[in-house]
Amino acid sequence: MSDIPAIVATDVSRTYELDGVSVTALRGVSLTVTDGDYLAIVGTSGSGKSTLMHLLGGLDRPTGGTLLIGGRDVATLTPPEMARLRNETIGFVFQSFHLLTRTTARDNVALPLVYRGIGRRERRARAGEMLERVGLAHRMDHRPNQMSGGEQQRVAIARALVTGPSVLLADEPTGNLDTTTGQSVLALLESLNADGVAVVLVTHDREVAERAHRQIVMRDGLIVEPAPLAPDAGDGTA
Amino acid sequence: MRLAEAWRVALDALRANRLRSVLTMLGVVIGVAAVVALVAIGTGTKQQIEQQVEGLGSNLLIVVPGRLEAGSAPSVSTLSLDDVEAVSRVVGDRNRVAVTVASGETVRAGSRTSFASMQGVLETTPSVFVRRLDRGSYLTRSDVNTARRVAVLGAGVATQLFGDRDPIGRQITIGGVRFRVIGTFEQLGQSLGVDRDSEVHIPVTAAQRLLGTDRIDALAIRAPDRERIDTLGADIVAALSKRHPESDFSAVTQEQILGVLGDILGVLTGVLAAIAGISLLVGGVGVSNIMLVSVRERTREIGLRKAVGARPRDIGLQFLLEAVLLTTIGGVIGMALGISAALLVDRLSPVPAAVTWWSLALAFGVSALVGIVFGVVPAQRAGRLDPVVALRTE
């Protein structure tokens, strides 16, 4: 697993058909995410960064180029195989948390394991461990509406981690949080990255992006600024 | 996703929207309750009528003048007491042959009156039909032979005329002619819509004199066994036709009567069930509607579930089970309601009701099927949602 880069995108493009008009959101992007990477994708809204994130996470398929996730070409995968790939390889963290509102923190975290066919007892045990890891051992049986924004995002991070993914995709993870809480969430992501999980941050916030090992700046569906900061860089050139 | 897990998720979703779930179920509840109750009433009525026909006696053969066909004109009876002798010879036993000449008459005892169905009969009646006496004795052969003016009263007539007093030995008048009461029947109730407790039996000879006629209305024969009943009927009809070449005669058995009645009631029950079934169908459309709303409402949830690894099938199954759960829970409640309604009708109204296992099984099966049929479209729609679009939905 460690021999194969987690994600390899080669000249990937994505075109949408909207009412008969084709709109190109990505026009040939190449990018590699290796294990342990800490990468920020920066860009204004409409730059194509969200589209790129959906592709990297296996939620969508490119209309051109090749995209390998966990060494598998997504073009050859059926929707159920894509679902399985997401479940095993990718962890998502969203700006708006996307927690199930009527469900406890523990069961929210356990959700991805449901689709892996793991029994309830083990799910709850593993979810408990993850919540401890993100510092929410005391909030396990609380529902999202009983928690602060920062706590909710920690629950979402625990959910993203529970399947042991190789890549954590975070879409504006601090966008709905105040600065202090945002900082602590970033610190959490960084400590997870230190433990070996690749983290890909999508953000329009330069300050947040600065903390990553390397940044990719997007504009109009293209990578315009490869700015390698980390010593192992060299990938990600357009 | 495991099936047990899918059930749990579906149940949680229903609990989360309790009021809406209950209202959605209501359509199915009413539909199933209506099917169960109406089928129970239909079945109960059929059973009651069957019991009544069978309660007349066993292996009965009724011989009437005319043809028993749809559209045939009612015919005037040409039968007389002489024919009874001829029929008795065919049957081989006079005690198996009963006759009636009937007329509605006002019966008086002192100042009290009762409108009764006067039946002129032979002394053989109790050995042909099931007729038990409460008090006194029945007519004898000599009563018939001498046209003695004696009467046996139905339970209803006896009560109307004499209340709690013993009617045996007392005088009554039928159509102005005096008769002496020699017996009363046990209570029988209604049979095929006729109040059998308002009958008054008198010797057929006395009845003919009273009515100024020598006709009889019908013959009833109790066949020795079931196997020979049809040939016996044919033989009797042949013998009568020989004596009255200008007339037609028909012989019907209980089974034939039951068959015709059963067909009519079966159709009626079917129509009732179909009408109730339509309401079940409407309930199903309601379920479909609400499931579509639910899919739209939970688009974000669907997107999230897909993002963390739910396959289209998992999502589809979740919504399908939700629909099935709605209709089967509704079905069970509807069954309970339908059974209660049937029992209430049975107890509090003259309409009988009998809940049958097959109608319950059918109602439950249909409600589950309604859930599947009307849940499929919303479930497919949910399963096919594009996760990217779903996650973006507000």
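Colleague: Happy to start at the contact: how many residues does it take from chain B and from chain A?

Modeller: Keep in mind that this is a predicted model. The contact takes 24 residues from chain B and 24 residues from chain A. Between them the two chains bury about 2200 Å², with 62% of it on carbon and sulfur atoms. On the chain B side, Leu304(B), Val308(B) and Val388(B) lose the most area to chain A, together 24% of what that side buries.

Colleague: Why is the pair Glu5(B) and Arg123(A) called a salt bridge?

Modeller: The rule asks for a side-chain nitrogen of Lys or Arg within 4 Å of a carboxyl oxygen of Asp or Glu. In Glu5(B) and Arg123(A) the closest N and O atoms are 2.8 Å apart, so the pair qualifies.

Colleague: Which helices of chain B each supply at least two residues of the side that touches chain A?

Modeller: Those are α1 (3-16), α10 (299-307), α11 (312-348) and α13 (387-392). The largest share, six residues, comes from α10(B). By class, this side has eleven nonpolar, two polar and eleven charged residues.

Colleague: What makes Leu11(B), Ile329(B), Ile333(B) and Leu337(B) a nonpolar surface patch?

Modeller: Patch members need over 30% relative accessible area, and nonpolar side chains are joined within 5 Å. These four were grouped by that rule, so they count as one patch, of about 290 Å². Its largest share, three residues, comes from α11(B), the helix where Ile329(B) is found.

Conventions: Residues are numbered from 1 along each chain as its sequence is written. Chains are lettered from A and ligands numbered from 1 in the order in which they are written. This is a predicted model: local features need pLDDT of at least 70, side-chain atom pairs count only at pLDDT 80 or more; totals for chains, interfaces and linings use all residues. Side-chain values use heavy atoms; hydrogens and water are left out. Contact means heavy atoms within 4.5 Å. Buried area is the accessible area (1.4 Å probe) that two parts lose on being put together, summed over both. Helices (H or I, at least four residues) and strands (E, at least two) are DSSP runs, numbered from the N terminus. Ala, Val, Leu, Ile, Met, Phe, Trp, Tyr, Cys and Pro count as nonpolar, Asp, Glu, Lys and Arg as charged, and the others, Gly among them, as polar. Patches are made of residues with over 30% relative accessible area and no salt bridge: like charges are joined within 9 Å, nonpolar side chains (Val, Leu, Ile, Met, Phe, Trp, Tyr) within 5 Å. Accessible areas come from the Shrake-Rupley method with a 1.4 Å probe; for residues, only the protein chains shown count as cover.
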